[in-house]
Amino acid sequence: MCGIIGYSGTNTNAVEVLLEGLEKVEYRGYDSAGIAFVTDKGIQIEKKEGKLDNLRNHMKQFEVLSCTGIGHTRWATHGVPTDRNAHPHYSENRDVALIHNGIIENYVEIRTELEKEGFTFKSDTDSEVAAVLFGKYYNELGDLKATMDKVTHEMTGTFALAAIAEDQPEKFVAYRKNAPLIVGKGKGCNFVASDFSALLKYTKDVYLLETGDTVVLTPDSVTIYDESGKEIKRETMHI
């Protein structure tokens with residue numbers, strides 16, 4: 001069990017939103033915490049072993065303005081609790097970052113194939129396998145939704161994913177398969193999270209994703225696709 005938060009918006013710094021959201025979902029994982037956000041220099045990942053306060057104190061050294069990012073608080077399954085095993089994880093080219101909640105059952109097979117192709121790994125986690133695989137396909141396709149479709153088609157298990165790319169600084173994509181993930185609809189901002197509580201400071205209007213749903217978010221739009229790839233409307237719930 002891990003906690004996920006994602007944000008795209010123009011009225012609040014992504015780093016502030018991510019740290020506040022992680023505080024609300026820290027009960028879902030307290031071995032480590034991390035955030036990834038898009039800057040004018042690319043994607044920056046900062047993560048720390050231990051309680052969220054370690055990450056919060058670490059971030060005081062940075063002055064960052066970002067409109068898009070993803071955050072994660074981890075309960076370790078694959079790989080011991082360390083900085084390098086914490087989420088988010090980069091793709092090999094560091095142009096994509098990804099977070100993951102759940103279990104990827106066939107990660108060993110995927111990792112073996114990627115290593116045969118020359119890809120390398122820096123952690124012991126199944127989650128980095130998803131990040132490297134996502135980066136591989138994103139470099140081929142250049143589209144977040146199409147890449148998520150291809151990645152999740154290859155993976156088996158129970159999981160939620162969220163990913164950002166440096167060349168699309170106001171957009172991110174997320175996917176749900178039998179793991180908690182909701183969408184928050186704000187004004188000039190949109191969110192995903194593992195729990196309602198992470199969003200309530202900013203919005204009380206949410207969409208409940210169904211298993212197999214993929215969602216693409218920008219500050220001004222939420223586009224949901226069902227398992228068949230069809231764009232679909234989900235009912236808004238007011239909390």
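Begin by selecting Phe-159, which counts as buried because its relative accessibility is 0%, where buried means under 20% relative accessible area, exposed over 50% and partly exposed in between, with a 1.4 Å probe and protein chains only. The model on screen is predicted, so local features need pLDDT of at least 70 and side-chain atom pairs count only at pLDDT 80 or more, while totals for chains, interfaces and linings use all residues. Residues are numbered from 1 along each chain as its sequence is written, and side-chain values use heavy atoms, with hydrogens and water left out.

Now turn to the aromatic pairs, of which a search of the whole structure finds three; rings of Phe, Tyr and Trp (its six-membered ring) pair if their centres lie within 6.5 Å, and planes under 30 degrees apart count as stacked, over 60 as edge-to-face and the rest as tilted.

Select Tyr-7 together with Phe-191, a tilted pair with 5.3 Å centre to centre and 50° between the planes. Tyr-7 belongs to strand 1 (residues 3-9) and Phe-191 to strand 10 (residues 189-193), so this pair ties together parts that are 184 residues apart in sequence; strands (E, at least two residues) are DSSP runs, numbered from the N terminus. Both Tyr-7 and Phe-191 are buried.

Key. Helix = DSSP H or I, 4+ residues; strand = E, 2+ residues; numbered from the N terminus.
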